[in-house]
Structures are given as C-alpha cells and as structure tokens.
Amino acid sequence: ESRPWHLILRVDRTDPSKNIDRGFYAYDRLLTRRPDLHGGISLLTLLDPSRLSIPAYATYFETIQATCAEINARHGRDGWLPIDLRIGDNFPVVIAAYQQYDVLLVNALADGMNLIAKEAPLLNETDGVVVLSERAGAFEELEPFVLGVDPLDIEATAAQLERAIDLPPSDRAARSRGLKEFLLKHDV
C-alpha cells in the first residue's frame, strides 16, 4: 500500500476509556488549522472491537464510526480520506503500521500502562514521535521522550499532533533513539 507523507497511527480496543472520539476531534482541528496537510496526511486507526455485548461499549463503537464518517465527509475529497478506519484484529497490519508511523497517538483517559506506547516505538523505523496521554501508566517513565497531552483537551492534543508533525528531523531522531534505548534497558 502507498504511504502518505505524514502517517498518524492509533491502535486501540474500542473501549470508551481509550478516548478515540476525542482523538478524532483533535485530528479534525489539525486539519482545519492546516489545510496544507490535506491529501498528504492520514490517521490510520486500527481498532479491535471490545465488549460489544455491553450497551455502553456498543454505543461507543457506533460513536467512533459516526465521528470518523463526519470528519471524512468534512475534509475528504476524491482519492483521499483523512481517517483510514480499520476494524478487526489484523496483527501483520499492526506490525507494519508500527514500523511506519510518523506520529503515534495514545490519548487514553485512563490506562494501567498502555503497552502500545512501548511496543510501537521499538519497531518504528521512521523516527516516529509518540503523543501520549498524561494519564497513561507509561507516561511517567516515557515523559522525557514523548509529547504529553491532557486527554480531555482536544485543542492541546491537536497542537501536539501539529508539533509532532513539524518537529525537525534531528529532534525526531533524538526522541526516537532515547525512547528505544530507555525501553531496551527497562524491559519486563
């Protein structure tokens, strides 16, 4: 598959605590502020449906899809959809996305650890930048290497996504290298 100039990635379960809809709205704000990115950026969203037999989870799953459709309708054009939403468990696609992202978005409302914030950077080959919720368990130890966000603040999340995209290559490389070195020393 072809790769956009800027690939933002999120990999999550469709759990309400993962805050996927606010992440979509932050990306929407980024697209509104930066029309120069249209056609050259994509938010690849790989979601694994979670607990859909529970009404609140099923409703949230529908909200995610509706929000995605709304943003794609607002900003999309022929040949380009801003959000590439894929639902299902496809491990090879997740691994390939880990290797290729420019920005990893993890904006959970609450997380014990969030292993994605640790796994993805180890496999990344593009000096990807991690935008990480300050409420994720991993934030405290990864803070020097990531761009932190308050998961409730859509505007600030949009600003950090923009900052991540605009970081100079040397800064991206230093953050990526530092994060990988830290994770290799502090493994399970």
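This report describes the sheet, the helices packed around it and a few single residues of one predicted model.

The model contains an open sheet of 6 strands in the order 3-2-1-4-5-6, and the pairing is parallel. Strand 3 (83-87) and strand 6 (147-149) are the edge strands, each pairing on one side only. On average, neighbouring strands of this sheet are turned by 20° against each other, with direction ignored.

The table gives the number of bridges in each.

| Strands | Sense of pairing | Bridges |
|---|---|---|
| Strand 2 (41-48) and strand 3 | parallel | 5 bridges |
| Strand 1 (6-13) and strand 4 | parallel | 2 bridges |
| Strand 4 and strand 5 (129-133) | parallel | 4 bridges |

Single residues show how these pairs line up. L43 stands opposite I83 in strand 3. L9 has L104 of strand 4 as its bridge partner. L105 has V131 of strand 5 as its bridge partner. Between strand 4 and strand 5 the chain passes through helix 4 (residues 116-123), and this β-α-β crossover is right-handed.

**Strand 4 and its two faces**

In a regular strand the side chains alternate between the two faces of the sheet. Are the faces of strand 4 buried or exposed? Strand 4 (residues 103-106) is covered on both faces. V103 and L105 lie on one side, L104 and V106 lie on the other, and all of them are buried.

**Helices on the sheet**

Helix 2 (55-75) lies across strand 2 and strand 3, and its direction is at about 155° to strand 3. Helix 6 (residues 154-166) also packs on the sheet, where it touches strand 1, strand 2, strand 4, strand 5 and strand 6. The direction of helix 6 makes about 170° with that of strand 6.

T157 is a residue of helix 6. Its relative accessibility is 2%, so T157 counts as buried, the limit for that class being under 20%. Which residues does T157 contact, leaving aside its neighbours within four places in sequence? They are A26, L105, V149 and D150. L105 is one of the buried residues of strand 4.

**Helix against helix**

Helix 3 (residues 91-100) and helix 4 meet at an angle of about 70°, and their axes are 7 Å apart. Angles of 65 to 115 degrees count as roughly perpendicular, so helix 3 and helix 4 are roughly perpendicular to each other. Their crossing is right-handed. On the side of helix 3 the contact is made by I95, Y98 and Q99, and on the side of helix 4 by I116, E119, A120 and L123.

Helix 4 and helix 7 (residues 169-185) pack at an angle of about 115°, with their axes 9 Å apart. The crossing of helix 4 and helix 7 is left-handed. Here K118, P121 and L122 in helix 4 meet L179, K180, L183 and L184 in helix 7.

F91 is found in helix 3. Is F91 buried or exposed? With a relative accessibility of 58%, F91 counts as exposed, because the limit for that class is over 50%. F91 and L46 are 45 residues apart in sequence, while their C-alpha atoms are 9.9 Å apart in space.

**Two residues with positive phi**

Most residues other than glycine have a negative phi, and most peptide bonds are trans. N19 is not a glycine, yet has a positive phi of about 65°. The place of N19 is in the loop between strand 1 and helix 1 (20-33). N19 has a relative accessible area of 1% and is therefore buried, being under 20%.

R51, likewise a residue other than glycine, has a positive phi near 50°. R51 sits in the loop between strand 2 and helix 2. What is the relative accessible area of R51? The value is 46%, so R51 is partly exposed, a class that lies between the limits of 20% and 50%.

Note on methods. Residues numbered from 1 in each chain as written. Predicted model: local features only at pLDDT ≥ 70, side-chain atom pairs only at ≥ 80, totals over all residues. Heavy atoms only, no water. Buried < 20%, exposed > 50% of the residue type's maximum accessible area, 1.4 Å probe, protein only. Pairing = 2+ DSSP bridges. Right-handed = clockwise from strand over helix to strand, strands pointing away. Axes fitted to C-alpha atoms, helices over the stretch in contact; angles between N-to-C directions. Parallel < 35°, antiparallel > 145°, perpendicular 65-115°, else oblique. Left-handed = near helix turned anticlockwise from the far one by under 90°. Contact = heavy atoms within 4.5 Å.
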